[in-house]
Amino acid sequence: MWKHFFYFSKADRRAIVMLLAVLILLVCGNLWLKEKQGKALLPSATDNESVDSFLANVRKKERLHRRSSPMHSSPTVTVLFPFDPNTADSTTLSDLGLSDFVISNILKYRAKGGIFRTPEAFRRIYGLTSEQYEALHPYVRIGIHNRLRRQDTAMSRPATVFRDSTTLYPVTVKYVEGTVIDLNMADTVMLKHIPGIGSGLARMIVAYRNRLGGFHAVSQLQEIPYIDTLVNRWFRITTPPFRKLKVNHSNLDRLRSHPYMDFYKAKAIIEYRRKRGNLKDIAQLSLFEEFSEEDLKRLMPYLSFE
């Protein structure tokens with residue numbers, strides 16, 4: 001091949017050499033441009049640090065926003081109901097829409113011996129906003145509680161008895177015959193003043209009342225172990241159940257937690273809602289084999305089909 005090259009004239013050979021040189025320069029220049037563009041597309045270490053810093057600031061702002069929110073951000077609607085801030089447990093207070101921070105402050109206040117003697121005293125809880133207090137104020141029920149406390153003071157003071165020469169043991173003074181208190185408003189202190197009811201039974205009554213959502217008949221006391229019908233004459237119902245079971249919105253665990261429900265009843269409701277939609281009234285439950293006529297009678301005051 002190179003032999004044929006020398007057959008060209010000197011001018012031709014010079015032109016061929018120049019063309020080859022230009023071609024080599026073009027190829028090298030093209031390769032250099034591609035390499036430079038490729039490096040430009042790759043982010044530098046400084047760029048990576050800027051992006052990481054920006055994302056970290058965004059995450060930090062989101063965490064601060066969630067922490068500063070006093071109420072839950074879920075769109076669920078809170079249904080208010082009567083409650084006693086001196087006896088309501090954490091579940092009841094949460095159902096009223098209060099934040100964990102406010103609930104903790106209420107429980108700490110009560111644990112230190114604090115008592116809400118008037119509805120206005122409730123608004124002094126740290127963290128409770130004026131809007132929350134105005135919404136809850138009509139549902140605060142502590143009037144009967146305060147009257148009975150004053151009645152206790154007027155009747156007598158707690159007595160003491162000797163067990164040995166050095167130790168004194170307090171004895172709770174019982175109510176006089178004819179005293180009647182509201183079963184849905186009484187706390188454990190008031191319940192212990194009832195003849196035949198001690199600390200253990202008082203706690204069982206309050207716990208069962210919270211599970212039910214409130215008593216609708218005094219005879220429901222006999223559903224609690226060890227409680228005799230003789231105590232019924234000390235109670236009355238002046239307020240309806242304060243919390244109802246939302247049939248069309250409660251999940252399986254919430255449904256089955258009610259004393260008059262169980263796993264199979266709750267599952268039947270969940271399956272019906274999944275296949276056919278919401279239930280309209282208690283009459284539809286009578287079509288389920290899991291519910292007897294007695295079950296429906298007991299559940300009627302506690303079910304909400306909204």
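Trainee: Is Leu-31 buried or exposed?

Mentor: In this predicted model, Leu-31 is found in helix H2, residues 10-41. The relative accessible area of Leu-31 is 55%. A residue counts as exposed over 50%, so Leu-31 is exposed.

Trainee: Which residues make the nonpolar surface patch of about 390 Å²?

Mentor: Leu-31, exposed at 55% relative accessible area, is one of them. The patch is made by Leu-20, Leu-23, Val-27 and Leu-31.

Trainee: Is Thr-92 buried or exposed, and which residues does Thr-92 touch?

Mentor: Thr-92 is found in helix H4, residues 90-95. Buried means under 20% relative accessible area; Thr-92 has 3%, so it is buried. Not counting residues up to four places away in sequence, Thr-92 touches Phe-81, Asn-210 and Arg-243.

Trainee: How far apart should the ends of helix H5 be, and what does the model give?

Mentor: H5 covers residues 100-111, which is 12 residues. At 1.5 Å a residue, H5 should span 16 Å. The end C-alpha atoms agree with this, being separated by 16 Å.

Trainee: Where on H5 do the buried residues lie?

Mentor: Val-102, Ile-103, Asn-105 and Ile-106 are buried in H5. Seen down the axis of H5, the buried residues fall within an arc of 160°, so they line one face of the helix. In general, an α-helix has 3.6 residues a turn, so residues three or four places apart point the same way. On H5, the face turned away from the buried side carries the exposed residues Asp-100, Lys-108 and Ala-111.

Trainee: What covers the buried residues of H5?

Mentor: The buried residues in H5 include Val-102 and Ile-106. What covers the buried residues includes H4 and helix H6, residues 119-122.

Trainee: Which residue with a positive phi follows H5?

Mentor: The phi of this residue is near 95°. The residue is Gly-113.

Trainee: What is the separation of the C-alpha atoms of Leu-183 and Ile-205?

Mentor: Leu-183 is found in the loop between strand E3 (181-182) and helix H9 (188-191), and at 0% relative accessibility it counts as buried. Leu-183 touches several residues, including Ile-205, Phe-215 and Phe-235. Leu-183 and Ile-205 are 22 residues apart along the chain, and their C-alpha atoms are separated by 9.2 Å.

Trainee: What is the phi of Tyr-226?

Mentor: Tyr-226 is found in the loop between helix H10 (199-212) and strand E4 (235-236). Tyr-226 is exposed, with a relative accessible area of 74%. Its phi is positive in a residue other than glycine, near 75°.

Note on methods:
Residues are numbered from 1 along each chain as its sequence is written. This is a predicted model: local features need pLDDT of at least 70, side-chain atom pairs count only at pLDDT 80 or more; totals for chains, interfaces and linings use all residues. Side-chain values use heavy atoms; hydrogens and water are left out. Patches are made of residues with over 30% relative accessible area and no salt bridge: like charges are joined within 9 Å, nonpolar side chains (Val, Leu, Ile, Met, Phe, Trp, Tyr) within 5 Å. Accessible areas come from the Shrake-Rupley method with a 1.4 Å probe; for residues, only the protein chains shown count as cover. A salt bridge is a side-chain nitrogen of Lys or Arg within 4 Å of a carboxyl oxygen of Asp or Glu. Helices (H or I, at least four residues) and strands (E, at least two) are DSSP runs, numbered from the N terminus. Buried means under 20% relative accessible area, exposed over 50%, partly exposed in between (1.4 Å probe, protein chains only). Contact means heavy atoms within 4.5 Å. The expected span of a helix is 1.5 Å times one less than its number of residues. The arc is that of the directions from the helix axis to the C-beta atoms.
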